[in-house]
There are 2 protein chains.
Amino acid sequence: MNYSPKFPVQWVQFMVMILSIASTGIAAGRTDIPRLSPTRGIIMEDPDLLSSAAVSDDLQTLYYPQTLDHFNYQPQSYATFQQRYVMNFKYWGGANNNAPILAYLGAEAPLDSSLAAIGFLNDNAVNFNALLVYIEHRYYGKSIPFGSREEAFKNASTLGYFNSAQAIADYAEIIMHIKNKLRAFYSPVIVVGGSYGGMLASWLRLKYPHVALGALASSAPILYFDKITPRGAYFSVVTKDFREASESCYQTIRNSWSVIDKIASQPDGLSTLSMIFKTCKPLNKSSELKNALENMYASAAQYDMPPRYPVNVVCRGIDGANENQDILSKIFAGVVAYRGNHSCYINPPTNESETTVGWRWQTCSEMVIPIGIGNRTMFQPELFDLNSFIQQCKSLYGVPPRPHWVTSYYGGHDIKLILQRFGSNIIFSNGLRDPYSRGGVLENISESILAVKTVNGSHCLDILAQNASDPEWLVKQRQTEVKIIRGWIAQYYADLKAILLKQ
Amino acid sequence: MNYSPKFPVQWVQFMVMILSIASTGIAAGRTDIPRLSPTRGIIMEDPDLLSSAAVSDDLQTLYYPQTLDHFNYQPQSYATFQQRYVMNFKYWGGANNNAPILAYLGAEAPLDSSLAAIGFLNDNAVNFNALLVYIEHRYYGKSIPFGSREEAFKNASTLGYFNSAQAIADYAEIIMHIKNKLRAFYSPVIVVGGSYGGMLASWLRLKYPHVALGALASSAPILYFDKITPRGAYFSVVTKDFREASESCYQTIRNSWSVIDKIASQPDGLSTLSMIFKTCKPLNKSSELKNALENMYASAAQYDMPPRYPVNVVCRGIDGANENQDILSKIFAGVVAYRGNHSCYINPPTNESETTVGWRWQTCSEMVIPIGIGNRTMFQPELFDLNSFIQQCKSLYGVPPRPHWVTSYYGGHDIKLILQRFGSNIIFSNGLRDPYSRGGVLENISESILAVKTVNGSHCLDILAQNASDPEWLVKQRQTEVKIIRGWIAQYYADLKAILLKQ
């Protein structure tokens with residue numbers, strides 16, 4: 001399946017925007033709490049429209065009665081909810097041949113959009129003779145506990161079950177259920193995920209090696225927790241991406257913030273800014289504008305992918321403006337170039353997406369990714385303030401985050417030292433233009449825990465559907481990944497044969 | 001620390017009786033629910049008396065404010081309880097030398113008795129320059145949530161947090177806390193446990209490789225779940241142990257059950273049996289007697305250790321009886337030989353121990369070890385009936401067990417296939433006279449996931465305190481284990497050095 005040209009690029013971005021760049025909004029410790037939103041400023045259309053595109057005769061949708069709490073035996077822990085998963089048997093070689101299973105682990109979005117966007121499974125199904133499975137993450141899409149979204153998102157008492165350990169246990173249970181039902185006990189399972197879903201894939205392999213033989217973890221910033229990765233890394237890469245695209249573009253952006261501040265401080269300054277940027281509503285404060293611009297630059301960098309390369313688009317807009325124009329008009333030209341022609345910009349009316357609502361809880365409970373802005377970027381510096389972040393989350397949900405739990409449960413510190421002699425069969429793939437790549441695993445850890453990276457790649461690019469116009473380096477990256485996975489499976493079959501012969 | 005001769009052997013048994021043999025009482029699907037007790041029939045004295053023996057000037061007792069539920073973010077999950085742990089710094093080489101930490105993971109008993117009994121740590125502290133840490137399991141001893149045992153054990157709502165995944169997370173958190181506090185970030189940690197605690201040790205290494213470098217899992221029957229191990233294996237080994245000790249003893253026991261049944265079926269038969277066995281209370285049914293005898297044989301086999309070798313003791317009693325005596329008098333002579341001289345036998349008054357109460361919940365929630373009795377033993381056959389077991393647990397606690405969760409979360413099926421290329425640094429040690437050994441890992445899985453077994457060993461023998469009278473094979477077993485652990489640590493130091501040099 002190729003990209004459908006009828007989708008605006010923003011939609012495609014959404015389809016793969018699995019870790020939100022806008023979560024940096026909270027990460028920087030702003031008091032602008034509604035901007036916890038991971039998608040606001042990017043999604044302007046209803047992503048639900050996409051789901052119809054994914055429907056195919058080969059896909060079967062099923063539901064599994066999932067346990068609410070796997071790690072607790074209180075009566076209420078035994079409650080179940082219907083968890084959605086989708087299967088495609090078209091290419092499967094069958095249980096008798098121990099043919100493989102490729103399982104996509106849903107991330108912080110309804111599953112629908114992934115069915116079309118995550119092409120890696122479909123593109124490789126024939127070659128692997130693989131059964132394809134896509135599993136939706138709890139609390140998204142159709143996989144909602146407590147009977148309704150309203151109940152499920154009521155408060156921390158109903159949201160408490162919404163976390164990664166429970167989600168990974170869900171996936172493990174469904175994969176085991178499928179294997180039992182198909183009597184495919186010895187079919188190797190490769191789990192695939194992107195961004196947050198990529199973290200889940202790598203963690204599932206580490207925690208449940210008996211469930212998944214291997215994992216393809218695309219753009220999984222498993223090291224962007226605690227202080228493993230420098231907090232400013234994300235926006236350093238955004239800056240680098242723009243500077244590499246155009247030195248003058250970078251300089252223009254870099255100089256724009258103080259101009260915005262200066263105008264904003266003048267009488268009627270916000271009106272002036274609202275006019276310059278053709279905002280949909282009058283600006284209430286300058287940070288509204290600055291955050292929207294920051295998010296645009298971050299998004300362009302994170303998803304700086306062929307054939308459009310949004311960073312170039314923005315910079316062509318900025319650099320292409322009449323050189324006599326003032327600096328903010330140049331910036332605005334960049335906005336128009338990126339967004340296309342609209343009647344207004346910056347703060348368009350938008351409904352909160354499921355991703356916005358769900359990821360807000362996830363970042364406020366365990367997924368505390370501490371992104372700040374350091375001194376040497378094209379942005380104004382802004383420290384990540386953990387304490388104020390904790391306070392914001394407490395006031396939102398009544399419970400504080402557990403900011404160190406991810407590294408306690410999954411590790412991350414000294415990962416090479418720990419995993420070079422433990423575990424196996426994980427690909428950490430990254431595109432170095434993706435600002436999240438700096439929180440990823442970028443060097444091989446062992447012979448089978450491998451980093452596959454591309455200099456020009458962006459967020460989750462490798463697991464998207466292949467396209468005839470894909471650049472050579474992307475084609476090669478995917479070939480490398482397939483070859484590695486093929487090796488795991490071949491090794492597994494050899495091991496299986498040796499063990500069965502002994503019996 | 002050596003065994004103190006002032007402790008009767010039954011106490012020593014208790015000290016290491018970490019998985020109860022009497023849990024087979026429920027496992028066989030009896031309706032005699034009070035006999036869920038794991039210790040009844042074995043412990044006749046108050047084990048709390050033991051705790052005073054363990055106190056030493058080198059031991060420091062500390063408490064950690066432990067999170068009630070690590071895998072849930074409901075407000076009540078954030079409650080904490082004081083979890084006890086004990087440290088001994090006497091032999092530690094210090095954080096600057098990255099000197100090792102040996103951490104004993106408590107099992108289903110208060111920690112007190114382990115401090116004296118689990119000699120492996122103390123015996124090896126000097127050679128490893130190790131810090132010694134002993135951590136108590138939640139819901140035992142002084143580590144009770146909800147403020148009191150009464151509250152904690154009230155019902156499934158308070159017991160729901162009492163499970164292995166939470167306990168292992170507790171251990172991980174405390175070990176990380178200790179390392180942070182001592183700034184011993186690079187001190188390798190070896191976790192040690194026996195029986196249920198041995199399972200926890202191996203699982204902690206598998207789930208938290210960043211917390212523990214390796215695990216010594218003594219007599220850990222991690223494969224006695226689902227149908228991985230034949231259900232009759234346990235009592236087959238008990239039978240084998242007795243038959244190897246004495247063919248005539250084995251035959252006498254084997255023939256005794258039908259004699260008991262015959263007498264019990266007669267008018268006043270129970271009175272007759274009560275008289276023959278000098279019971280402390282009149283027998284209410286013959287199963288009371290038969291279960292007590294079964295438990296005695298099982299216990300003798302499980303803890304068939306030097307210098308006493310209880311199986312020999314029982315058989316000398318049985319075989320040594322006057323040959324003109326009837327068969328039940330011979331059996332009774334075996335009871336007296338094993339128990340010593342008491343005013344009465346079989347059903348002495350006893351208080352339920354913490355282990356009895358706690359392990360009853362644990363077996364009724366997740367630790368469903370399906371032990372039955374097959375056809376070719378010295379016992380009467382008795383199938384394990386999972387359905388009636390589930391019903392019993394439901395009627396006790398209101399919630400059913402999750403009998404497949406252990407293998408879902410920790411694995412176990414096809415363990416060689418799964419772990420030969422995943423994970424590292426686990427010793428599974430077993431003594432083959434221990435009936436639980438058949439649920440253990442008895443063959444090497446990989447170069448560093450190793451089985452260390454002794455033909456004549458019994459349950460958890462290797463981690464008990466060494467003694468001048470230890471047989472050569474036991475001394476060698478411990479030496480082998482120490483050598484393996486030494487290798488892990490040496491490798492780790494080499495890895496650490498290589499990585500630090502690169503930085």
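Over all chains, the structure holds 30 salt bridges, a salt bridge being a side-chain nitrogen of Lys or Arg within 4 Å of a carboxyl oxygen of Asp or Glu. This is a predicted model, in which local features need pLDDT of at least 70 and side-chain atom pairs count only at pLDDT 80 or more, while totals for chains, interfaces and linings use all residues. Residues are numbered from 1 along each chain as its sequence is written, chains are lettered from A in the order in which they are written, and side-chain values use heavy atoms, with hydrogens and water left out.

**Chain A**
- The secondary structure of chain A comprises 20 helices and eight strands (DSSP runs: helices are H or I with at least four residues, strands are E with at least two, numbered from the N terminus).
- Chain A has 503 residues, of which 65% count as buried (buried is under 20% relative accessible area, exposed over 50%, partly exposed in between, with a 1.4 Å probe and protein chains only).

**Salt bridges within a chain**
- Lys90(A) and Asp58(A) form a salt bridge, at 3.5 Å from N to O.
- Lys90(A) lies in the loop between β2 (80–88) and β3 (101–105) of chain A and Asp58(A) in the loop between α3 (51–54) and β1 (59–67), so the pair ties together parts 32 residues apart in sequence.
- Lys90(A) is exposed at 53% relative accessibility, whereas Asp58(A) is partly exposed at 27%.
- Lys240(A) and Glu244(A) also pair, at 3.7 Å from N to O; they are four residues apart in helix α10 (residues 233–245) of chain A, about one helical turn.
- In chain B, Arg478(B) and Asp470(B) meet at 2.8 Å, N to O; Arg478(B) is buried at 8% relative accessibility, and Asp470(B) is buried at 17%.
- A network of salt bridges links Arg84(A), Asp112(A) and Glu136(A).

**Between chain A and chain B**
- The contact takes 55 residues from chain A and 55 residues from chain B (contact means heavy atoms within 4.5 Å).
- Two salt bridges are counted between chain A and chain B.
- Arg421(A) forms a salt bridge with Asp495(B), with the closest N and O atoms 2.5 Å apart.
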